[in-house]
Amino acid sequence: MKAVVLHGPKNYPNNYEVMEVEKPTCGPGDILLLMKAAALCGTDKRIFTGAKTKGVRKDSIVGHEISGRIVETGNQVTSFSVGDRVAVANVIPCGNCPACLDGRENACLNRQAIGYEFNGGFAEYILIPEIAIERGNVVKLPDDVTYASGALIEPLACCIRGLKNVGTQFADTVVIIGAGPIGLMHVQLSKAVGASRIIVSEFDADKRKRALEVGATAVINPQDENLVDRVLAETNGLGADRVIMAIGVNQLVQDALRITRKGGTLNLFAGFAKGALAEIDPSIIHYNEITVTGSTAYTRKDYHESAEMVFSKRIDLDALVSKTYTLDDFRQALEDHMSGKYLKIVILNEKEE
């Protein structure tokens, strides 16, 4: 089968190739998918450039935002059948570590993941291991949900985890910093839970336009306007109830604190470079009683809630897909993803079986 094989974390763009590899063999409790959609995300960028190495194996197949059609099932599999259209939650918690027992399986100390410990989605076929099926990591897609949307259930689940951590409620004012795919998912989720005002800060004009299309009530170009001044003007000097950083820019953390109202919450959702520090004034947190939260991955409950939001048409993920490619065009797809000129890039597999 055709697959994108990552040989190691160094020497991008010469550290991977699209090549023929052996098609996976289904074990008794496994299922084999014909990959239909696998999306590129910011984590993939960090993997291919070597900025992220944890869990990434040499000569492995990455890609963790995936959907497909089942073409083979092990003889012990009873909950799925050949022909089922499915999406997959790639994070597999152990269920036994202190984090899992504390209800934070998204931060599992021993978690495994498809695209890391198990080969992932940038291939014609994906083996879904028995443990993922047993843990409820595979969901069936309704016929009216595209495979591209199915693949994007995974990052939406991450955003649902962030939404829970930031605590957005009915009638809140929300500021979202960054209008990439993650920021736009946060816009839609904030709208879905009843936020009254959703203000988005974004440099790119096309992304600001898209933010308004999916539910933002106001947008800010931080090149032309001062973020703090504009947000305070929009909120009668109070600041926002909830602020979500959907881009990992350390220098913006201080401004994010300054636009969070007394008693509000700031969520550092995006990944930040390990070891890079942010200079902040802790007195803002102290005197304004601000809660600062992080967000990592998602629980299986988050994933199933994400799927339901998509299935019920409350969230439109197809609206975020701006370019599609095939596996043969993966090198161009990754280059375009690295450039940031497209919103969300999805690899589609037109192969039929």
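This report covers helix packing, nonpolar cores and backbone geometry in a predicted model.

## Basis of the values

Residues are numbered from 1 along each chain as its sequence is written, and side-chain values use heavy atoms, with hydrogens and water left out. Because the model is predicted, local features need pLDDT of at least 70 and side-chain atom pairs count only at pLDDT 80 or more, while totals for chains, interfaces and linings use all residues.

Helices (H or I, at least four residues) and strands (E, at least two) are DSSP runs numbered from the N terminus. Contact means heavy atoms within 4.5 Å.

Two packed helices are described by the angle between their axes and the distance between the axes. Here axes are lines fitted to C-alpha atoms, for helices over the stretch in contact, and angles run from 0 to 180 degrees between N-to-C directions. Angles under 35 degrees count as roughly parallel, over 145 as roughly antiparallel, 65 to 115 as roughly perpendicular and the rest as oblique. A crossing is left-handed if the near helix is turned anticlockwise from the far one by less than a right angle, and right-handed if clockwise.

Helix H5 (residues 153-166) and helix H6 (residues 181-192) have axes that come within 10 Å and cross at roughly 60°; H5 and H6 are therefore oblique to each other. The crossing of H5 past H6 is right-handed. On the H5 side, Pro155, Leu156, Cys159, Ile160 and Leu163 take part, and they meet Ile182, Met185, His186 and Leu189 of H6. This contact has eight nonpolar residues, one polar and no charged ones (Ala, Val, Leu, Ile, Met, Phe, Trp, Tyr, Cys and Pro count as nonpolar, Asp, Glu, Lys and Arg as charged, and the others, Gly among them, as polar).

The axes of H5 and H11 come within 8 Å and cross at roughly 110°, so these two helices are roughly perpendicular to each other. Their crossing is also right-handed. H5 contributes Ile153, Glu154, Leu156, Ala157, Ile160, Arg161 and Lys164, and H11 contributes Lys301, Asp302, Tyr303, Glu305, Ser306, Ala307, Met309, Val310 and Phe311. By class, the residues of the contact of H5 with H11 are nine nonpolar, one polar and six charged.

## Nonpolar cores

A nonpolar core is a set of buried Ala, Val, Leu, Ile, Met, Phe, Trp, Tyr and Cys residues joined through side-chain atoms within 4.5 Å. Buried means under 20% relative accessible area, exposed over 50%, and partly exposed in between (1.4 Å probe, protein chains only).

The largest nonpolar core has 48 residues, and those with the most contacts inside it are Ile176, Leu189, Val200, Tyr298, Tyr303 and Leu317. At least two residues of this core come from each of strand E3 (31-39), helix H4 (147-151), H5, strand E10 (173-177), H6, strand E11 (197-201), helix H7 (205-214) and helix H11 (300-311). H5 supplies the largest share, eight residues. Apart from this core lies another, of 35 residues, including Val62, Ile114, Tyr325 and Ile345.

## Helix H12 and its surroundings

In helix H12 (residues 330-339), the buried residues are Phe330, Ala333, Leu334, Asp336, His337 and Met338. They pack against strand E1 (2-6), strand E2 (16-20), helix H1 (42-49), strand E16 (323-325) and strand E17 (345-348). Gly340 follows H12 and has a positive phi, near 75°.

The H1 and H12 axes come within 10 Å and cross at roughly 110°; the two helices are therefore roughly perpendicular to each other. Gly42, Lys45, Phe48 and Thr49 of H1 meet Phe330, Leu334, His337 and Met338 of H12. The residues of this contact are four nonpolar, three polar and one charged.

Ile284, in helix H10 (residues 282-288), is buried, with a relative accessible area of 15%. Beyond its neighbours within four places in sequence, Ile284 is in contact with Gln254, Leu257, Arg258, Glu289 and Ile290. Glu289 lies in the loop between H10 and strand E15 (291-294) and is exposed, with a relative accessible area of 61%. Although Glu289 is not a glycine, its phi is positive, about 50°.

Asn236, in the loop between helix H8 (227-234) and strand E13 (240-245), likewise has a positive phi, near 55°. Asn236 is exposed, with a relative accessible area of 73%. Tyr12 and Pro13 are joined by a cis peptide bond with omega about 10°, and Pro13 is found in the loop between E1 and E2.
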